[in-house]
Amino acid sequence: MKCILERKQLALSPPSPRKLSHTRTVVYQGYDRDDGLWDIEAELTDVKTYDFKVPNERLFPANEPIHRLKIRVTLDSRLMIQDIATSMDSIPHPECSGAPHGMHKLIGCTMGPGWRKVINQRVGGEEGCTHLREMLSNMATAAYQTVPASQWHRREMSGIPQPEITSPPYHLGQCHSWAYDSPTTQRAYPMFYKPKLADDALT
């Protein structure tokens, strides 16, 4: 007997009566540099709708950023970090300004598999900042969205043939749409498509 589950709606239900309290905004942008490198920039802001004060610290008026943090990472074509810069424009404590002191330890590291582990090893715990680490973690996906596509675009604009794809891209097997047996993979990367075996073939 087959159990058929009802498909969930792909939309939020109407919320209960409420009012906005806090907004965190994180923006990632990727830049193709004239020197052949790439910049990935991240900016994080935290804003409350009411006056906010940490005990024994200054008052943050409503709608004024409590955090406004920026990171710029410069990468080469292998996603290896060539340089990194940090800006702490709005911070809740004076001591926060010292949080980026170890960010240079990430120079020479590669944004790829194990990236979060690298972050925790180099700037984890008291050696860094929770918010900067959050930004760094997701910069890898922004880099992956930026660099390979920019490389493809550069070759396209220069009339250079695209190289043959000989190994599966990182994103295959990492989500529902990019499963090895997914129609998405079959369309985009037929050479790596692996159809799912029928149940009767497994018995």
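Phe192 is buried, at 11% relative accessible area; buried here means under 20%, exposed means over 50%, and partly exposed is in between, with a 1.4 Å probe and protein chains only. This is a predicted model, where local features need pLDDT of at least 70 and side-chain atom pairs count only at pLDDT 80 or more, while totals for chains, interfaces and linings use all residues. Residues are numbered from 1 along each chain as its sequence is written, and side-chain values use heavy atoms, with hydrogens and water left out.

Now the aromatic rings. How many aromatic pairs does a search of the whole structure find? The count is 3. Rings of Phe, Tyr and Trp (for Trp, the six-membered ring) pair if their centres lie within 6.5 Å; planes under 30 degrees apart are stacked, over 60 edge-to-face, and the rest tilted.

One of these pairs is Tyr144 with Tyr170, tilted, with 6.0 Å centre to centre and 45° between the planes. Tyr144 belongs to helix α2 (residues 130-158) and Tyr170 to the loop between α2 and α3 (183-188), so this pair ties together parts 26 residues apart in sequence. Helices are DSSP runs of H or I with at least four residues, strands are runs of E with at least two, and both are numbered from the N terminus. Are these two tyrosines buried or exposed? Tyr144 is partly exposed at 25% relative accessibility, and Tyr170 is exposed at 53%.

Back to Phe192: this residue forms a tilted pair with Tyr189, 6.5 Å centre to centre and 40° between the planes. Tyr189 also counts as buried, at 15% relative accessibility.

Next, charges over rings, which require NZ of Lys or CZ of Arg within 6 Å of the ring centre and within 35 degrees of the ring normal. Lys48 has its charged end over the ring of Phe52, 5.1 Å from the centre. Lys194 lies over the face of Tyr180, 5.0 Å from the ring centre.

Last, Asp39. Where is this residue? Asp39 sits in strand β2 (residues 38-48) and counts as buried, at 10% relative accessibility. Its side chain makes a polar contact of 3.1 Å with that of Arg33 and another of 2.7 Å with that of Thr74. A polar contact is a pair of N or O atoms within 3.5 Å; within protein, one must be able to donate a hydrogen and the other to accept it, and residues adjacent in sequence count only if both atoms are side-chain atoms.
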